[in-house]
Amino acid sequence: MSTRTTRVTALTAGRHSDVVVIGFGRGTADVAPLIATATAWGMTGAVGETLRLPAPPGFDAGSVLLVGLGEPDPDGGYGPDALRQAAGVAARALAGVPSVVLALPAATPEAVEAVTLGAVLGQYSFDAYRSARQPAATEWGVLTGLDHAEADAAVRRAVVLAHEVNRARDLVNTPANDLYPEVFAAEVQAVGAEHGPAVEVLDEKALAAAGFGGLLGVGQGSVRPPRLVRISYAHPDAATGIALIGKGITYDSGGLSLKPVGSNEIMKRDMAGAAAVFAAVVAAARLEVPVRVSGWLALAENMPSGSATRPGDVLRMYDGRTVEVLNTDAEGRIVLADAIARAAEDEPDVIVDVATLTFAMRMALGNRMFGVMSPSEAFAARGAAAARRAGEQAWPLPLPADLRPSLNSTVADIANVGERLGGALVAGLFLKEFVPDGTPWAHLDIAGPAFHEGEPHGDTPRGGTGAAVRTLVQLMRELAEAGT
Ligand code: BES
Ligand code: MN
Ligand code: ZN
């Protein structure tokens, strides 16, 4: 992960740099001659715009990068989203520049955090499989009028969070020939040992002994056996117990209900939920969020073979119920159901699962927004609001009871597929069966935003995005604050 070579520090006074980054918008009157030049060059201040100019006299830098801030808020200022995106755009434009000062309007700790997040997230690039030499170390400073201790703390918090988002990105980007359940589990163990959280791994023998028929059924077509990983962290003052469950299909071929060419190229992404849960628990530990949290990673590779689960097979799940597998490509809900049932045994106050679960979700909300489903309209709204405050896009969705009968099976307790229309909601209704009544629960379907296939924008690179990591951390903070 190349961003590890980036050092970001708080600056309470200017210093010499190769490039100084300045926001282009209202409130930049102090550098007005520069703005006049930029305007003459056609810059309008729109989000995503950049213009690099030789530094005018008075700037202790080789050049100035103007970056568009977009429309100001009604109060004339710029909020954390605008600052994070602008810093991300600047970071991509200046990738590899050894020393940079970000002189964006960062007058509050939130603003300093936003600029830092954007800078580290924007500099991300996945180079692990490139033969070329790794980029040199860079030294970036975030200029602010805050006192140094406050600014320094804000920068440190944001760097930790950004590195955890980048950890999830790295895992999503790593191809499935190198990241399979055993390797993923070993990585969680190594990171747990480094940062504190406790890690337990159930291998295929332990899964069989405990009756995890869902995880085993999905994983049995692969030569790489499944794992259930638990990573937990408890703050000494925690009053709230949270269970996070992540879908970790390290490759989704569809199984015997094989996906066609055109739908299988990026299915290494199908463990993005588990990556987000993993990174969020590590972030909570490193940031000392006052919660008790267990992350459950349901890891399996969904492959077709002579030993694979067949359409029509019936699996006995961890909680004893039976599932008729009518479509082996609806595998995520099966592994999640086993993990949710296990997580529920510890009687958490809240359960949240995260998954690249359905194509239907992408049809509904597109590729930049995830859906938040819950039997409680209020809890779904809380999840979506936490996402907004974390700078992610999400929208609450319902779990209509009338869709539930479509999951009825003629032979088992439930089938794994039902009505095609509203497929994201049907998948949510399947999961709901495995959540104890009365436990607040939300299901995050991140099939759209987990992976970005187009040109980079703002602080979002190509490939794995780390979707939901910041939302989960924000939600943990808010649940801790509210006492659930
Ligand atoms: N992992 C896929 C969903 C997905 C599709 C994620 C595209 C990201 C991009 C999931 O396992 C799947 O195959 N879902 C099926 C369910 C269907 C068979 C009921 C789908 O959505 O088509
Ligand atoms: Mn699938
Ligand atoms: Zn899948």
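Reply: Happy to! One definition to start: a salt bridge is a side-chain nitrogen of Lys or Arg within 4 Å of a carboxyl oxygen of Asp or Glu. Please keep in mind that this is a predicted model.

Me: How far apart are the closest N and O atoms of arginine 462 and glutamate 455?
Reply: Glutamate 455 is exposed, with a relative accessible area of 56%, and arginine 462 is partly exposed at 44%. These two residues form a salt bridge, for which the cut-off is 4 Å. Their closest N and O atoms are separated by 2.9 Å.

Me: Thanks! How many salt bridges does a search of the whole structure find?
Reply: Side chains of opposite charge can pair when their charged atoms come close. Some of these pairs join up here: Glu200, Arg230, Arg342, Glu345 and Asp346 are linked in a network of salt bridges. For the whole structure, the search gives a total of 24.

Me: Which helix holds arginine 157, the salt-bridge partner of glutamate 113?
Reply: Glutamate 113 and arginine 157 bring their closest N and O atoms to 2.9 Å in a salt bridge. The two are 44 residues apart, with glutamate 113 in helix H3 (residues 109-122) and arginine 157 in helix H4 (residues 148-173). Arginine 157 is partly exposed, at 30% relative accessible area. The helix you want is H4.

Me: Glutamate 478 and arginine 389 meet in a salt bridge too. How many residues apart in sequence are the parts that this pair ties together?
Reply: The N to O distance in this salt bridge is 2.7 Å. Glutamate 478 belongs to helix H13 (residues 469-482) and arginine 389 to helix H11 (residues 377-389), so the pair ties together parts whose separation in sequence is 89 residues.

Me: And is glutamate 478 buried or exposed?
Reply: Its relative accessible area is 19%. Since buried means under 20%, glutamate 478 counts as buried.

Me: Now the metals. What is the arrangement of the donor atoms around the zinc ion (ligand 3)?
Reply: On the protein side, Lys247 (NZ), Asp252 (OD), Asp270 (OD) and Glu331 (OE) coordinate the zinc ion (ligand 3) at 2.0 to 2.4 Å. Along the chain, its donors follow the spacing K-x4-D-x17-D-x60-E. The six donor atoms subtend angles of 79 to 174 degrees, so the arrangement is octahedral.

Me: Is the site of the manganese ion (ligand 2) octahedral or irregular?
Reply: The protein donors of the manganese ion (ligand 2) are Asp252 (OD), Asp329 (O), Asp329 (OD) and Glu331 (OE), at 2.1 to 2.2 Å. Their spacing along the chain is D-x76-D-x1-E. With angles of 70 to 169 degrees among six donor atoms, the site is irregular.

Me: How far apart are the manganese ion (ligand 2) and the zinc ion (ligand 3)?
Reply: Aspartate 252 coordinates both ions, bridging them. This aspartate counts as buried because its relative accessibility is 3%. The distance between the two ions is 3.1 Å.

Me: In which strand is aspartate 252, and where is aspartate 329?
Reply: The pair links distant parts of the chain, 77 residues apart. Aspartate 329 is partly exposed, with a relative accessible area of 23%. Aspartate 329 lies in the loop between E12 and H9, while aspartate 252 is in strand E9.

Me: Which lysine side chain makes a polar contact with the side chain of glutamate 331?
Reply: Glutamate 331 lies in the loop between E12 and H9, and at 1% relative accessibility this glutamate counts as buried. The polar contact spans 3.1 Å, and the partner is lysine 247.

Me: Last topic, ligand 1. How many residues surround ligand 1?
Reply: The closest are Lys259, Asp270, Asp329, Glu331 and Phe359. A polar side-chain atom of glutamate 331 lies 2.9 Å from an oxygen atom of ligand 1. The total number of surrounding residues is 17.

Terms used. Residues are numbered from 1 along each chain as its sequence is written. Chains are lettered from A and ligands numbered from 1 in the order in which they are written. This is a predicted model: local features need pLDDT of at least 70, side-chain atom pairs count only at pLDDT 80 or more; totals for chains, interfaces and linings use all residues. Side-chain values use heavy atoms; hydrogens and water are left out. Donors are N, O and S atoms within 2.8 Å of the metal (3.2 Å for Na, K and Ca); water is not among the atoms, so sites may look incomplete. Four donors count as tetrahedral if all angles lie between 85 and 135 degrees; four count as square planar and six as octahedral if opposite donors are over 155 degrees apart and all others between 65 and 115; anything else is irregular. Buried means under 20% relative accessible area, exposed over 50%, partly exposed in between (1.4 Å probe, protein chains only). Helices (H or I, at least four residues) and strands (E, at least two) are DSSP runs, numbered from the N terminus. A residue is near a molecule or strand if one of its heavy atoms lies within 4 Å of it. A polar contact is a pair of N or O atoms within 3.5 Å; within protein, one must be able to donate a hydrogen and the other to accept it, and residues adjacent in sequence count only if both atoms are side-chain atoms.
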